[in-house]
Amino acid sequence: MERISIELGTVQETLLSTLYARALETGKKKRGLIQDPRAVEMVEQIDYDFTKFVGSPTLGASVLRTLFYDDWVRKFLSSHPGGTVVEIGAGLNTRFERVDNGRMHWVDVDLPDAMELRERFFSESERRRLVGGSVLDDSWFEVVRSLPAPYFFVSEGVLLYLDEADVRSALGQLAQGFPGSRVAFDTAGRWMVEHQGDEMFVKTVDAEYSWHCDDPEVVQRWDIGLRLTESRTLLQLPRGLRSRLPLVPRLALAGAKAFYGKKARVYMLNLFESQPSLSASNQ
Ligand SMILES: C[S@@+](CC[C@H](N)C(=O)[O-])C[C@H]1O[C@@H](n2cnc3c(N)ncnc32)[C@H](O)[C@@H]1O
């Protein structure tokens with residue numbers, strides 16, 4: 001089989017690490033937290049030295065992170081089965097395949113080179129669009145508006161690579177453009193951003209986090225129209241998700257929680273709501 005050669009920008013390359021994390025987890029015989037056979041296939045087909053990720057502690061963390069977001073998206077879809085999920089910085093994530101209820105709508109957005117790669121593996125359908133674009137521009141907003149509201153925007157492992165000013169402007173235009181929507185993204189505290197190069201994090205790619213945010217409520221205080229509704233550390237698995245974990249990871253999680261305590265707040269997963277438009281809130 002001829003493998004697919006790739007050429008990705010520095011930040012875009014990070015999508016291969018989260019892809020590999022899901023493939024590796026799927027390959028675990030008994031204790032895998034996620035089943036993602038498409039990730040395994042993609043890793044087999046892409047010409048890239050994935051072995052450099054082996055041993056990186058971020059792999060396990062990225063699997064947990066993706067499960068959290070799956071859970072939030074499933075909850076959204078259980079209340080709004082025909083609504084639209086927008087995956088910003090989709091990489092080669094297979095969330096659509098993992099949560100598809102047969103009625104939902106979906107938009108995957110990523111930078112042009114990452115989207116070109118994504119298009120080698122995923123196709124558009126009546127319910128799904130693939131768009132090359134940046135979270136920093138609004139060129140893809142019309143595609144989203146062509147699909148049914150309400151909207152859930154997920155941006156997993158993406159905003160951290162931007163400068164604070166860019167994060168603020170990207171989130172502001174999202175909140176203004178899509179009032180009454182849900183917006184989920186992760187934040188890393190100053191300690192984590194300043195120590196990302198430390199040996200313990202086993203650095204495998206050149207991309208670096210830029211935006212640090214010690215308290216996700218700061219985003220609410222920016223007054224750009226986003227209200228924080230939920231914020232969790234990676235160790236605070238939602239109850240339903242925790243009970244689905246096999247015994248060993250569940251015990252490991254409890255141990256990690258006892259060990260890290262408040263330090264786990266250096267990385268938060270956050271769910272915001274954009275303010276409803278005035279006309280909608282007056283109805
Ligand atoms: C760590 S990867 C995460 C990929 C995917 N969300 C996942 O969890 O597997 C970061 C992703 O952010 C995308 N990205 C970086 N900057 C972006 C931007 N300005 N607009 C949209 N996507 C961006 C990259 O191309 C890459 O796919």
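User: Why is aspartate 47 called partly exposed?

Analyst: Happy to walk through it. This is a predicted model, and in it aspartate 47 has a relative accessible area of 43%. Buried means under 20% and exposed means over 50%, so 43% falls in between and aspartate 47 counts as partly exposed.

User: What makes the contact of arginine 3 with aspartate 47 a salt bridge?

Analyst: The closest N and O atoms of arginine 3 and aspartate 47 are 3.8 Å apart. The cut-off is within 4 Å, so the pair qualifies as a salt bridge. The pair links distant parts of the chain, 44 residues apart: arginine 3 sits in the segment before α1, and aspartate 47 in the loop between α2 and α3. Arginine 3 is partly exposed, at 38% relative accessible area.

User: How do you know whether aspartate 186 is buried or exposed?

Analyst: Its relative accessibility is 1%. Buried means under 20%, so aspartate 186 is buried. Arginine 65, with a relative accessible area of 8%, is buried by that cut-off too. The side chains of aspartate 186 and arginine 65 meet in a salt bridge at 3.6 Å, N to O. Aspartate 186 lies in strand β5 and arginine 65 in helix α3, so this pair ties together parts 121 residues apart in sequence.

User: Which residues are linked with Arg65 and Asp186 in a network of salt bridges?

Analyst: The network also takes in Arg22, Asp36, Asp70, Glu87, Arg95, Arg98 and Glu156. The structure holds 24 salt bridges.

User: What separates glutamate 194 and arginine 190 in helix α8?

Analyst: About one helical turn, because they are 4 residues apart in helix α8. Arginine 190 is partly exposed, since 39% relative accessibility lies between the 20% and 50% cut-offs.

User: Why is α1 called roughly perpendicular to α3?

Analyst: The axes of α1 and α3 cross at roughly 85° and come within 9 Å. Angles of 65 to 115 degrees count as roughly perpendicular, so α1 is roughly perpendicular to α3.

User: Which residues of α1 and α3 meet?

Analyst: On the α1 side they are Ser17, Thr18, Tyr20, Ala21, Arg22, Leu24 and Glu25, and on the α3 side Leu59, Ser62, Val63, Arg65 and Thr66. By class, this contact has 5 nonpolar, 4 polar and 3 charged residues. Arg22 and Arg65 are also members of the salt-bridge network.

Note on methods. Residues numbered from 1 in each chain as written. Predicted model: local features only at pLDDT ≥ 70, side-chain atom pairs only at ≥ 80, totals over all residues. Heavy atoms only, no water. Helix = DSSP H or I, 4+ residues; strand = E, 2+ residues; numbered from the N terminus. Buried < 20%, exposed > 50% of the residue type's maximum accessible area, 1.4 Å probe, protein only. Axes fitted to C-alpha atoms, helices over the stretch in contact; angles between N-to-C directions. Parallel < 35°, antiparallel > 145°, perpendicular 65-115°, else oblique. Contact = heavy atoms within 4.5 Å. Nonpolar A, V, L, I, M, F, W, Y, C, P; charged D, E, K, R; others polar.
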